[in-house]
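Please read them with the structure open beside the text.

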Amino acid sequence: MDQKEFSKFVLHLLADYRVYSPQEENNQIIIAKLVDSEKVALDKRLPFYPWKNFFVPDCETLFEYQGIMLEKPPAVSNPQNERRKKFLPPLAKGQTRKKIALLGINILDLRAILLYDLVFALDPYYQARQQNALVIGHGFEAELPDGSIRKFSQDDLEHLRFDIFLAEQPKERKQLLVFAGSEKGRRVLDEFGYRGYQNIEFAGHKYSKEWEEKMNLWRDKLKNHHNQKIWDELGKICLECGKCTIACPTCFCFRIDDTPSLDLRSREIDGKRQRCWDSCYYQEFSEVAGGPARHASQGDAGGHKFLNTTASKIHFWYFHKFGRIPDEYNMMGCVGCHRCHTVCPVDINIQKVMEEIENSQ
Amino acid sequence: MDNPYQTQPAKIISITDEAPNIKRFELKLDKKLHFAPGQIIFLSIPGFGEAPFAPCNAPDSDFLELCVRRTGKFTSVLHTLKAGDGMGIRGPYGGGWPLQTKNEKLKTPATGGKNLLIVVGGLGLVPLRNLIWGKDEYFSSDAKVQIFYGAKNPDEFLFKKDFNKWKKQGIDLQLTIDKECPGWAECVGEVTILFDKNPIIKNASAFLCGPPVMYKFVLQKLAEKKFPEENIYMSLERRMHCGIGVCQHCAVGSFYTCKNGPVFRYDEIKNIPGAI
C-alpha cells in the first residue's frame with residue numbers, strides 16, 4: 001500500500017471510527033485522538049504512554065446502584081435507552097459513541113494485549129470493549145528510549161493478536177506491507193477496497209528458545225533463590241511514587257470503590273461502583289482494617305499493611321512480572337519497553353535489576 | 001458471559017451479640033448459597049463498598065450466618081444495620097479446608113490426617129464452625145476432633161452456646177484465656193500453652209486460623225511435637241477487591257488468597273516472603 005492509498009485508508013477509518021494514533025508533539029510521540037488524517041505518526045519511537053487505557057481503563061463504572069441493587073450502566077450508544085435520552089450526561093472517560101480504531105500500535109505494546117486477553121478472558125466489560133475496538137499494529141522496528149532498536153519480522157506476527165498490521169517494506173520504505181490478522185481486519189480492508197493483504201493466523205503467544213530460558217531462569221531465581229539484599233538496596237532508593245505502574249503497559253491492578261452520586265436531578269441512581277487503577281506502591285494497597293493504631297491521629301482506624309516496607313513493595317512488583325505471571329500464563333509480565341526506567345525519578349533500571357537477580361546466588 | 005461482580009440481594013433476619021464489638025448476622029438470600037467450610041463470600045453495601053467474610057452457619061441452616069467484628073469503616077456501617085435491612089452477596093470464593101465428603105471428593109483430600117486438630121484464636125473459630133458442626137460428613141465416625149481455642153478473656157469466646165453440644169459429641173474442646181480473670185477456673189495463657197497441658201492427637205491434620213501473630217508461635221509448637229508440615233493447613237487473610245484472582249491485592253507468592261486460598265498448606269507457603 002503506498003502513501004496515497006494509506007491516507008485514503010485513514011480517511012475511511014475516520015468516517016466510521018473514533019481513531020487514536022501516535023502523533024508527534026514537541027519532539028515526542030504521544031497517543032491522541034486523530035482529527036487531521038495527515039498527523040498520523042507511524043514512527044519507530046514508542047509513544048510516551050502505553051495503549052493501556054483503551055484496554056484497561058483508568059476508571060470504569062461497573063454498576064450504578066440504587067439501594068442494594070446493582071445495574072450495569074446502559075450502553076451510551078443505545079438509542080432505546082430512555083434514561084440516557086433524558087439526561088445525556090457527558091461521556092465518561094473510556095466511553096464512546098462510535099467504535100474505536102487504534103491505529104499504529106507497535107509490537108512491544110501489542111505484546112501487552114496478549115496479557116490483557118488472558119487476564120480479562122472472563123471479564124464481560126473487557127470483552128465488550130474488545131468487540132468495539134479495531135486493533136491496527138505497525139512496525140518491524142521499535143526504538144527504545146536509550147536509542148537502541150528492537151527488530152522484528154513477519155515471523156513474529158503469528159504470535160501477536162491484531163486485526164490489521166502495517167509495516168514498512170525493507171527496501172521500499174514508502175510502501176507499506178499489509179497483513180490481516182482476523183475476520184474483522186479482513187472485513188475492514190475489503191470494505192475499503194484493498195485486497196493486497198496477507199493473512200496471518202494467530203497461533204498464540206510463543207517465546208524464542210532464548211527468551212523461554214530467560215523467563216524460566218528469572219522465575220527460578222525469584223521463587224527459589226530469594227535474595228533479600230537486592231530488595232533492601234532497592235528499598236533504600238525507591239520512592240514508592242508509583243510512576244512505573246502508571247507507565248507500564250502490563251500493570252493492570254485495580255481497586256473497586258463506591259462513589260455516591262452528587263447529581264441532584266437524578267432520583268434514579270444513588271451512586272456508582274467503579275473499577276479504577278491501583279498501584280502496589282500506594283499506601284493502602286495491602287492494608288486491612290484492625291490492628292493497633294500506630295499514630296494518635298489515626299484514632300481507632302489503625303490498619304495492618306502486609307507490604308509494610310519499600311523493599312517488600314518493590315519485590316512484590318518484580319515478583320508479579322517475573323514470578324507470578326509466568327506461573328499463571330507462561331509468559332512474562334514485561335514487554336521490554338523500558339517505560340518504567342524512563343519515568344523513574346531515581347533511575348531504577350529494570351534491565352540492570354534483572355541482570356543482578358540473574359547473577360545472584 | 002456472567003458478570004463476576006454482580007451481587008444477589010440478602011436481607012438481615014436477626015442480629016445477635018456474640019462478644020463485645022462482634023455481631024452475628026443471619027441473612028436470608030433469594031437463592032440459597034452453597035459453600036464449603038473455609039470458603040469466603042463478599043458482602044456488598046452500595047455506597048460503602050465490599051469486604052470478604054467466611055460464612056459460619058451450620059450446614060442445615062436456612063440462613064447464611066456471618067460473624068463480624070467492628071474494626072474499620074465497612075464493619076462500622078454493617079454494625080449500624082438492623083433486622084430487615086438489605087445487602088448484596090457474591091461468592092463463594094476460594095478452596096476452603098481440604099475435605100472429602102463421604103459421597104464425593106472435594107478439592108484436595110486431606111493428607112495423612114484421619115483425625116483433626118483445630119487451633120484457633122479470637123475470631124479464628126468463624127471459618128471452622130461449619131466444619132465442626134458437619135464433621136460427620138467429612139470424617140469417619142471414629143475420627144477424633146481436638147480443638148485448642150484461645151481468646152483474650154471469657155467474654156470473647158464465640159459461639160459459646162455450641163460448646164456443650166460439641167463436647168457431648170465427643171469433641172475434646174480446650175479453652176484458654178490470655179490473662180487471669182475472676183470466675184475463670186480453666187487454663188490461662190496464650191493458645192500455645194494448651195500444647196503443653198494436653199497431649200495432642202496423633203495421625204491428624206491441623207487446621208489453624210487466627211490473628212497473624214498467632215501462626216508463628218503455633219507452628220513452632222507443632223514443629224516441636226514433630227507434626228508433619230504437609231498436614232498443617234492455615235487460613236490467611238488479605239485485602240481483597242475482586243475475589244477472583246485478578247486485581248492482585250491478595251497475592252501471596254504465585255497464589256491468590258481469594259482464588260487459591262484462603263486455606264493454604266503450610267509447606268506450600270512457608271518459603272514465600274511475607275506470607276505468614
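1. Two strands are taken to pair if DSSP finds at least two bridges between them. In this predicted model, pairing of that kind gives an open sheet of four strands in chain A, ordered E4-E3-E13-E12 and antiparallel in its pairing. Strand E4 (69-71) and E12 of chain A stand at the edges with a single partner strand each, so one side of each is left without a neighbour in the sheet. On average, and with direction ignored, neighbouring strands of this sheet are turned by 30 degrees against each other.

2. Within that sheet, seven bridges join E12(A) to E13(A) in the antiparallel sense. As a place to look in the viewer, A:Arg255 stands opposite A:Cys276, which belongs to E13(A).

3. Which element supplies the largest share of the side of chain A that touches chain B? The contact between the chains takes 35 residues from chain A and 31 residues from chain B, and the largest share of the chain A side, six residues, comes from E12(A). Elements that each supply at least two residues to this side include strand E3 (59-66), helix H4 (124-131), strand E13 (271-277) and helix H9 (310-329) of chain A. Sorted by class, the side of chain A that touches chain B has 17 nonpolar, nine polar and nine charged residues.

4. The domain assignment of chain A gives domain 1 (3-58 + 93-206) and domain 2 (210-359), and the centres of these two domains, taken over C-alpha atoms, are separated by 28 Å. Their contact involves 18 residues of domain 1 of chain A and 15 residues of domain 2 of chain A. On the side of domain 1 of chain A that touches domain 2 of chain A, there are 13 nonpolar residues, one polar residue and four charged residues.

5. The next points concern helix packing in chain A. Two packed helices are described by the angle between their axes and the distance between the axes. Helix H6 (residues 209-224) of chain A packs with helix H11 (residues 350-359) of chain A at an angle of about 70 degrees, and their axes are 9 Å apart. Because angles from 65 to 115 degrees count as roughly perpendicular, H6(A) is roughly perpendicular to H11(A). The contact is made by A:Leu217, A:Trp218, A:Lys221 and A:Leu222 of H6(A), together with A:Met354, A:Ile357 and A:Glu358 of H11(A); by class, these residues divide into five nonpolar, no polar and two charged.

6. H6(A) also packs with H9(A), at an angle of about 105 degrees and with the axes 9 Å apart, which makes H6(A) roughly perpendicular to H9(A). From H6(A), the residues of this contact are A:Met215, A:Trp218, A:Arg219, A:Leu222 and A:Lys223, and from H9(A) they are A:Phe319, A:Phe322, A:Gly323 and A:Pro326. The residues of the contact of H6(A) with H9(A) divide into six nonpolar, one polar and two charged.

7. How is helix H7 (residues 228-237) of chain A placed against H9(A), and what is the angle? The two helices pack at an angle of about 110 degrees, with their axes 7 Å apart, and H7(A) is therefore roughly perpendicular to H9(A). The crossing in which H7(A) passes H9(A) is right-handed. Here A:Trp231, A:Asp232, A:Leu234 and A:Gly235 in H7(A) meet A:Thr310, A:Ala311, A:Ile314 and A:His315 in H9(A), and the residues of this contact divide into four nonpolar, three polar and one charged.

8. Chain B is divided into domain 1 (8-93) and domain 2 (115-235), whose centres, taken over C-alpha atoms, are separated by 24 Å. The contact between them takes 14 residues from domain 1 of chain B and twelve residues from domain 2 of chain B. Strand E1 (8-19) and strand E5 (64-69) of chain B are the elements that give two or more residues to the domain 1 side of this contact, and by class that side has ten nonpolar, two polar and two charged residues.

9. E1(B) pairs with strand E6 (residues 86-93) of chain B in the antiparallel sense over four bridges, and B:Lys11 stands opposite B:Gly86 in E6(B). E1(B) is also joined by eight bridges to strand E2 (residues 22-29) of chain B, and these two strands run antiparallel. B:Ala19 has B:Ile22 in E2(B) as its bridge partner. The hairpin of E1(B) and E2(B) has two residues between the strands, and in this hairpin B:Asn21 takes a positive phi near 65 degrees.

Note on methods:
Residues numbered from 1 in each chain as written. Chains lettered and ligands numbered in written order. Predicted model: local features only at pLDDT ≥ 70, side-chain atom pairs only at ≥ 80, totals over all residues. Contact = placed C-beta atoms within 7 Å. Nonpolar A, V, L, I, M, F, W, Y, C, P; charged D, E, K, R; others polar. Domains from an automatic or database assignment. Axes fitted to C-alpha atoms, helices over the stretch in contact; angles between N-to-C directions. Parallel < 35°, antiparallel > 145°, perpendicular 65-115°, else oblique. Left-handed = near helix turned anticlockwise from the far one by under 90°.
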